[in-house]
Amino acid sequence: MIRNLDQIFVLLQHWLVNFLPASLQGTAGVLINAAAIVCVFPVLFAVAVWLERKGLGRMQNRLGPNRVGPYGLLQPIADGIKSLTKEDIVPLSADTAVHFLAPVLLVVTAFMGFAVLPMGRNMVLVDLDAGLLFYFAMGASTELAVFMAGWSSRNKYSLLGAMRAVAQMISYEVVLLLSSVVVVMMAGSLSLTKIVEAQNHYTWGIPHWYIFTPWGLAGFIMYAIAGTAETNRSPFDLPEGESELVAGYHTEYSGFKFALFFLGEYVAMLSISGLGTTLFLGGWSAPFSFLTWVPSWIWFFSKIMLSIFVFIWMRGTLPRLRQDQLMNFAWKFVLPMCLLNLMVAAIWRFMGDGWLRWFVCSAILLLAYAGVGLTELRKKNIGPRSYRYAE
Amino acid sequence: MTPLAGYLLVAALLFSIGLAGALTRRNAILVLIGIELMLNAANLNLIAFWRYGPHPEALTGMMFAIFSIAVAAAEAAVGLGLVISIHRHAKTTDLDQMNRMKG
Amino acid sequence: MSLVFYIIAALTVAGGLASMVLKNTVHCALALTIAFAGLALFFLNLDAQFAGFAQILVYIGAVAILVVFAILLTRGSETPKGGVFSRTWLAGLAVAAAVFAVLGWAILHTAPMLPGATPAPAVTVQQIGQALIGRYVLPLEIVAVLLTAALIGAVIVAMHEKEGTK
């Protein structure tokens, strides 16, 4: 009965597919799975939008939306209706074909990433041998859509926002890839299902998630930083900074196209959280061995929503980084730490089991972090903290 | 016509389109685009021969294509850097006007 | 010669043709991206999964963006006054047509001697990894040195010169 609950979606799909003749069953199965993904993740997008507005509101000491439905729960529906009924204004000198295709390309490539994420036991759309490479290939195509949006609007602010966004996304793409390569090295495969299965073992009730190892924790932190930068979220949201560039590369979009950009951004956030949980947090495996009776897909989606909450928390807490500070941070600090992390993971592998490898690897990482941090801080002359209070 | 002949014909067509573009366009960057197209056509040839050749488990064709992709990316980077540097000097990327060695 | 092959071939050749014929340079770069995507689909059709995804990651994710940045940095999006084709366009076109004629003749002439449909090779990423570190380790290291040299070279070539050393 517990196993049936765990596999309930798989069994549902098999039951639906059995109505069709045998020759159509393959394609029908894939189509039903793809339709399920396309239906579920926009619902999660609506939940994330509500969570963001209420969460940010509470962090900023105000109520979020609370008029449309109890606790503002129907606010995403109101937003959707608004954006569907607004007039679609296209600038006269804009490049119409490219202007139209940019949000389409963004949403398509954002959704393609979900094809390889294992959302539960046996619940992956396509079990590719090079699944992680496919995911990053789709992520790389997102940058082109951002550029197309900014350039086709024939607006200097849009173009500036687009160039900043593309430069930022390319820099942090390298960091994202390198911090994922450590996981591939330790799991021995690019296939995401195998990576989750490698983390699904328990010792004394605690699972072998990669985040519970020194190199895994460092890798996860760098992956989180790079993921925040890839999706242009605060504190890396200068390209769409509302007080800086009007709205960056989606200035000239209104109505449904703007809703598509919004959808694309949040779906990309969900997608990156999904990959982060698959690589570092054990995917669909339960946190303690006595909790394995809870269905696997509940764990996967809870971990994704937890990551979304951390994204929102970071947005409400941290100030925005300037463009050159952001690029400096990526190339001069995070990238060398990623390479050091690769070396530390190799040391971990070759030292064999025992407490010594924990000590050595943690020591190397902490010393490098502290050393680089202290030398950088010494260069800046930061005086004692001073406070100014409103009169 | 075998599948391999089909792939080879498409690769030959892409190669000649790239060659035509590289020889007839004025903008230096479009010449580089034509060169990229030619390199891609050669990659298609390599993979097609790997797939339909006698020993696909030796992975020779696939390896060659992967290294070719890496080298083409490096060459595109250097070539575009050169074009940017020339534009800074001559204020134009028009190849018809750059027909002398004297700066 | 399945329907999928013809669709992908049409897409790729249309993208390539558009990238060489269009007047607006940025449109040419975007049509080139379509050609790259079509080639990636070809690689996937030929069971070369790793090469296909690497093509998307490297070409669409990096080279296309590089080309677009270069176009923007050299004011390429303004159409030039003298037309987009050079004065000697007829000679170039003739050369390309001659090359295609020779290649096409060679392919069609040897078509009966080419191997037919063979079963798909089962290539795993692990085999590719083993090959890269085993048999092809020297090309791998040389490509690494080449990429480093290209990186440093491109940065130095495109860097702003110091004001005093003109």
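1. Let's start with two helices: H3(B) and H3(C) run roughly parallel to each other (the label for angles under 35 degrees). They pack at an angle of about 5°, with axes 10 Å apart. Here axes are lines fitted to C-alpha atoms, for helices over the stretch in contact, and angles run from 0 to 180 degrees between N-to-C directions. Helices are DSSP runs of H or I with at least four residues, strands are E runs of at least two, and both are numbered from the N terminus.

2. Before you go on, keep in mind that this is a predicted model: local features need pLDDT of at least 70, side-chain atom pairs count only at pLDDT 80 or more, and totals for chains, interfaces and linings use all residues. Residues are numbered from 1 along each chain as its sequence is written, and chains are lettered from A and ligands numbered from 1 in the order in which they are written.

3. Which residues meet in that first pair? On the H3(B) side they include B:Ile66, B:Ala73 and B:Leu80, and on the H3(C) side C:Ala54, C:Val58 and C:Leu66 are among them. By class, this contact has 20 nonpolar, one polar and no charged residues. (Ala, Val, Leu, Ile, Met, Phe, Trp, Tyr, Cys and Pro count as nonpolar, Asp, Glu, Lys and Arg as charged, and the others, Gly among them, as polar.)

4. Now look at H1(B) and H1(C), whose axes come within 9 Å and cross at roughly 10°. That makes this pair roughly parallel. The residues in contact include B:Val10, B:Leu14 and B:Gly18 of H1(B), with C:Ala9, C:Val13 and C:Leu17 of H1(C). The class count is 10 nonpolar, five polar and no charged residues.

5. Zooming out, 62 residues of chain B are in contact with 71 residues of chain C; contact means that the C-beta atoms, placed from the backbone, lie within 7 Å. On chain B's side, helices H1, H2 and H3 each supply at least two residues, and H3(B) gives the most, with 20. That side has 42 nonpolar, 13 polar and seven charged residues.

6. And chain A? No contact joins chain A and chain B, and their closest C-alpha atoms lie 14 Å apart. Of the two pairs of chains in contact, B and C share the most contacts.

7. Chain A itself has 13 helices and two strands. Its C-alpha trace spans about 75 × 65 × 40 Å along the principal axes.

Notes:
Angles under 35 degrees count as roughly parallel, over 145 as roughly antiparallel, 65 to 115 as roughly perpendicular and the rest as oblique.
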